[in-house]
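Please read the following report alongside the sequence and the coordinates.

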Amino acid sequence: MTTLLNLHRVKYQCSCGSFKSLCYLYFCRHCLKIKCKDCVILEVDCRFCPSCYEHLQSHEAITRKNRCQSCFSCPCCNHTLVTRATNTSAAMPISLNTTSDSGNAGGGDADESISSTNVSGLQTPSKKVYYLACSVCRWSTRDIRLADQPTLNSWKAQDNIHEGRFNELLQHYKQIATREKQERDRKRYSTVKLRSALPTTTTSRSSSDKYGLLAPVTRRGIRTSGILKSPSVTESPNSTNPTIKPSDPITEIEPLDENLFLSNTFDFNKLTTITQRLNSVEIQPLTVDRLYPLAKHFTSKQSKRCKECDHNVLKPEPSPKLIKFKLHQMALFFIPEIRIWHHPAWSATESNPCVLSIVNQLDEQTILKLYTLDEIREENIDKDLIDRINQLDEYILTSQLTLPISKDRSIKLHPHVEPNETDTKLDDEFRQSDSRELVLYRKFAKIAIRCYIKLKSSSVKTILGAFIIEHRVVGISSIVSTPTATSSNPVTRNVRHIILIDFGPTDEPALTLHSSLA
Amino acid sequence: MTSFIDSLAASEKTAVVIDIGHAYTKCGFAGNSSPRHIVPTTISIRGETKRVFEDNLDLASLRERLTEFIRLVYYKYNIANCRERRVVIVESVITPTRIRHLLADILLKQFEASSLAFVSLHLGATYTLGRSTALVLDVGYVEAQIMPVAEGVPLAVQFDSLSCAGQAIHRQIESLLTQHASVTHQGRKKSFAEANIKLSEDTLEDIKVRCCFVSPFTRAQSYSKLSSDATFKEAASIEYTLGPETIIHIPGIVREFACEVLFEQDIDGKSVATLILDALIQASLDLRRQFADNILVIGGTAMLPGFLHRLNAELKYLVNIPTYVNKLAIREFHFHSPPAQLNYAAWLGGSMIGALDTLESQSILREKYLENGIVPDWFTGEQAA
């Protein structure tokens, strides 16, 4: 059963030349070509937290460092942490499972209301305090001795101790860099002969624009690239940047903590693994008791855009909870799918009859034409296609695929139907017009065709054959700049695709023949 | 909790800074004080995890893997659009040209970044110190690389590298385990060599990270001079659980001396410590004192416990041996510590450079690249027009 769909066996050629299975391909309706993952550009559409679906705008998300404020992951095993509440003054902690959003709890635990009197009947005012716990590995914030918080969502992120020093250094270098850039720009302007002498202050650019002559030059100057890097920055009349303190050498290097490593009481299970350390980049704790809950990282939904025509090929709904698509131009919806149904035990010399099935996923009737590679070569119309076929034939193909009926094979395909469809009128009609040699079986949108494989030589190891299908697609025309009336008509064209089929190794046993095909 | 600088940097047009190492990749945005993620440089092909930079990979597969990996970095880890953003790649000076060309092709043509800058990691590391002269030693996974930087100019001529780094430690752990360790498999105890277990790189890395450490100089000396009947106080041994039925008993010898491979002098008399001394000898006389006072050690392998202390002790010892005693007058060395964990210190330098206005003059611009396809080996600031 695992080979039922056999996705990796049948590959279609994308417009960039690579062969991929149909489920991985997109179809651009403007260029009317197949596009694969490498021919599209991804753009981030929406960023959201995978556990609470909180959706943020892009600029906000970037300031929050793409991390959720209310969901946390366990630093030990990376599963989502669950907020648990207890009473501070109760003798027995009654745990009330609540998750951070108002949605479904872990197992649908019912809320138990806690009265403010504890078991012994004393009227002590009890407060609810929260702590985080992992339901998978049983880690909790109490393990690192973090105090339970009285309010939800008050878990602070850890600070980076080096941040202050880094910002100091960055400010310093930024000042030097801006000065350098101004110097360089000024040098370039001074080669332009301007009637007025440029004032030599470097502090602000606007002050040197006394006569308004620099404005267009400045604007142009910023955009052009390839600026000479001047090695000397000594010309500045006033250096306003304070020099920063360069780092001091380490006064005393810490020796190895011998007690920790050499003694017999060393418990190596208390050390964190490298994955746990790298999860919190800034701190990288050495021991397990310094692990801290990690804020959950966002995931994103992307929309894909065709590189050639710059139109969207795939556009998901912006809301994180909906998994539908606004624009869903997958190749699967435009191009019939071909699968291997049957092949006999391979013989190296004779022509092996095989059966391929074609499934039509479109919602309308399609006429499919099949061509073998030789026929296309004979036709000699499309040079580009012939080149591609020749290249394929030379380097990759190991067998020759021929089809019955010598010419003009066209098959009518039924539109895609629901599984419980019973109206067989169209189906019967098509069956009448089928030639028995080519079409073996037909049921609604699925038909089976026969083809013959002849191995090129007896030393081939895997059998690769190819043929061409042609069908008509209705495209969307892009907005035409000339004001003609034809821009409103949708473009229909016959497109051809090269299909590469990998039948598998030569010693694979024959697939069992379906009863309806026999 | 984001600082003023961070919020300035957190705009739509901040540059993306990536440091692609052989073992781990650090990625994030320019102007941030730490990378967003440190991830292993691997991708999963049809369910199997594979390293991007595997040995003996042909160009087409390397390109495929690198493309997939960069896609992951952008859309899973950084969640940033690639178009219209600048990219800074922090890399070593001796990155093979084909990898640089591949990166330029992938980033500028396929992902349509607006410009690409290659920043030398040694130079970037000096930015994190606020100094312009330093001797930078990067001990990574595949090799240890040293390069002096004087007055902001990386002296690439005096670049040197040695392949004693993380990978060498892994091999040494394997061989020491075969010699000294024993395994309990399904209740029966046997020696490691008999049990014939093949340890994966991940397991070796875990053993290295959790069990091993760098032995102090005095202990290492006494061990190497050990005669067969003298006793040596070993470190504690560890029971390492490999799977549900297998436990490896790692003796203290393996734990302590696996990292000796970094400091043992090989046939040419080289070790990580001699890298520093040789660099000092090759440097011009007026700079030697400055370099010796400003040594910066970065890289993941340098984070092993006891590494810096041992390195210092080795240097102090080696300046007195006959090879160096007459060539070098320096007897003391000073190390610096960057405002970062050592494994992303180079990335931090790249982040600083990526936030500066001068980034544009150091990068390959997309239009220029599409015109002439040149990836310069060294940036003089002038694009070959």
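This is a predicted model: local features need pLDDT of at least 70, side-chain atom pairs count only at pLDDT 80 or more; totals for chains, interfaces and linings use all residues.

Residues are numbered from 1 along each chain as its sequence is written, chains are lettered from A and ligands numbered from 1 in the order in which they are written, and side-chain values use heavy atoms, with hydrogens and water left out.

**Cysteines and a buried asparagine**

Cys49(A) is accordingly in no disulfide, and its nearest cysteine sulfur, that of Cys68(A), is 3.6 Å away.

| Residue | Relative accessible area |
|---|---|
| Cys49(A) | 0% |
| Cys27(B) | 0% |
| Asn78(B) | 0% |

Asn78(B) lies in helix α2 of chain B, residues 59-78; helices (H or I, at least four residues) and strands (E, at least two) are DSSP runs numbered from the N terminus. Leaving aside neighbours within four places in sequence, Asn78(B) is in contact (heavy atoms within 4.5 Å) with Asn66(A) of the other chain letter and, in chain B, with residues including Cys27(B), Phe29(B) and Arg36(B).

**Domains and a sheet of chain B**

Chain B is divided into domain 1 (1-126 + 342-372) and domain 2 (166-262), with bounds that come from an automatic or database domain assignment. The C-alpha centres of these two domains lie 36 Å apart.

In chain B, four strands form an open antiparallel sheet in the order β13-β12-β15-β14, two strands being paired if DSSP finds at least two bridges between them. The edge strands, β13 (188-191) and β14 (238-241), each pair on one side only, and the twist averages 25° from one strand to the next. Strands β12 (residues 182-185) and β15 (residues 246-250) of chain B pair in the antiparallel sense over four bridges, and Val183(B) stands opposite Ile248(B) in β15(B). Helix α7 of chain B (residues 201-211) packs on the sheet, where it touches β14 and β15, and its direction makes about 150° with that of β14(B); axes are lines fitted to C-alpha atoms, for helices over the stretch in contact, and angles run from 0 to 180 degrees between N-to-C directions.

Technical notes
A disulfide is a pair of cysteine sulfur atoms within 2.5 Å. Buried means under 20% relative accessible area, exposed over 50%, partly exposed in between (1.4 Å probe, protein chains only).
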